[in-house]
Amino acid sequence: MRRKPRIPPSPLPQRDGVDPVRVKLPQAGGWATVREHLVERLAAGTGVIDTMLADGLIVRADGRPVEPGTAYEPGMFVWFHRELPDEERVPFGVDVVYRDAHIVVADKPHFLATTPRGSHVAETVLARLRRELDIPALGAAHRLDRLTAGLVLFTVRPEERGAYQSLFRDRLVGKEYEAVAPYDVGLALPRTVRSRIVKERGVLAAREVAGEPNAVSRVELLDHRDGLGRYRLVPHTGQTHQLRVHMNALGVPVLGDPLYPVVTGPVPAGDFRRPLQLLSRKLEFTDPVTGRAHRFVSGRDLRAWSAHDDWAR
């Protein structure tokens, strides 16, 4: 079996808890210089790349700057720091519910992305925890949607990350969510919902289609009052937006959902008034490194249930 080439360590430090960008030059291509490839690949504009090269901001594995005329070398790695976007600060803290030498379990607020992606880079749980806990190597074992609150597992040691990620891949993590949604007296619960969900690149909402089910969720009603229900949701699979899609299919979409049943316009930056009423309440698993049995419970609440008038105002 052909061994994968070793990726050299980054010659650049993190900035604001965010890793530098690493680019590997493809084996095939007609570029004469590194500059030509980066201009085409990054679509940042010729002037941007030229300025970065002139300022020595793009470096090789040994930390030396890439010169504007550096010849193209297939398989070569280069690094640089991206220009961080202007991000609105999410005015809610991240609670650390557990920490040891191997893992960190965080209780994240609504509106804060788990890891850097798109326009959310420094304002993410990962970047915040790296800065606040001074753990530059911290990595995410899984992700929660930006709009969902609750428990997220992070790993301290990069060499152990795969072991924790495999827990989620192999469905060895017990997960429970809570949601607030309309109450329907005619909806028979508890029940297990099975369907086939597809999420197309570039399309905001996922959808159910005919075919072999790939998404399974258990839905239970915990309580109801004033036309609202508090639901316990147990996903047995991990499709994108699975719980939100299934709740919508049952006719009780999660309160505050901007995608289901209807995709609404983008919320203005800085508008944190009506968070999606979905919470990752519990995580349970046996630690693959220490063998310890873990059970974590979120301390957050769903405001549409605990203080509905405040949430709806």
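For the classes used below, Ala, Val, Leu, Ile, Met, Phe, Trp, Tyr, Cys and Pro count as nonpolar, Asp, Glu, Lys and Arg as charged, and the others, Gly among them, as polar. The model is predicted: local features need pLDDT of at least 70 and side-chain atom pairs pLDDT 80 or more, while totals for chains, interfaces and linings use all residues. Residues are numbered from 1 along each chain as its sequence is written, and side-chain values use heavy atoms, with hydrogens and water left out.

**Exercise 1.** Determine which residues line the largest cavity and how they divide by class.

*Solution.* 
Step 1. A cavity is a set of points on a 1 Å grid over the protein atoms alone where a 1.4 Å probe fits but cannot get out; lining residues have an atom within 4 Å of a point.
Step 2. The search of the whole structure returns 1 cavity of 30 Å³ or more; the volume of the largest is about 30 Å³, taken as the space filled by probe spheres set on the points, which are joined across faces, edges and corners.
Step 3. Its lining consists of Arg15, Val18, Asp19, His81, Arg82 and Leu84.
Step 4. By class, this lining has 3 charged, 2 nonpolar and 1 polar residues.

**Exercise 2.** Identify the residues with the most contacts inside the largest nonpolar core.

*Solution.* 
Step 1. Such a core joins buried Ala, Val, Leu, Ile, Met, Phe, Trp, Tyr and Cys residues through side-chain atoms within 4.5 Å; buried means under 20% relative accessible area, exposed over 50%, and partly exposed in between (1.4 Å probe, protein chains only).
Step 2. The largest core holds 34 residues, and Val104, Leu129, Leu138, Phe154, Leu233 and Met247 have the most contacts inside it.
Step 3. Elements supplying at least two residues each include strand S4 (103–108), helix H3 (125–133) and helix H5 (242–249); helices (H or I, at least four residues) and strands (E, at least two) are DSSP runs numbered from the N terminus.
Step 4. H3 contributes the most, with 4 residues.

**Exercise 3.** Which residues other than glycine have a positive phi, Phe111 being one, and is Asp226 buried or exposed?

*Solution.* 
Step 1. Most residues other than glycine have a negative phi, and most peptide bonds are trans.
Step 2. Phe111, in the loop between S4 and H3, has phi near 80 degrees and is buried, at 10% relative accessible area.
Step 3. Asp226 has phi near 50 degrees, also a positive value, and is exposed, at 74%.

Terms used:
1 Å grid on protein atoms, 1.4 Å probe; cavity = no way out; pocket = protein on both sides within 12 Å on 5 of 7 lines; lining within 4 Å.
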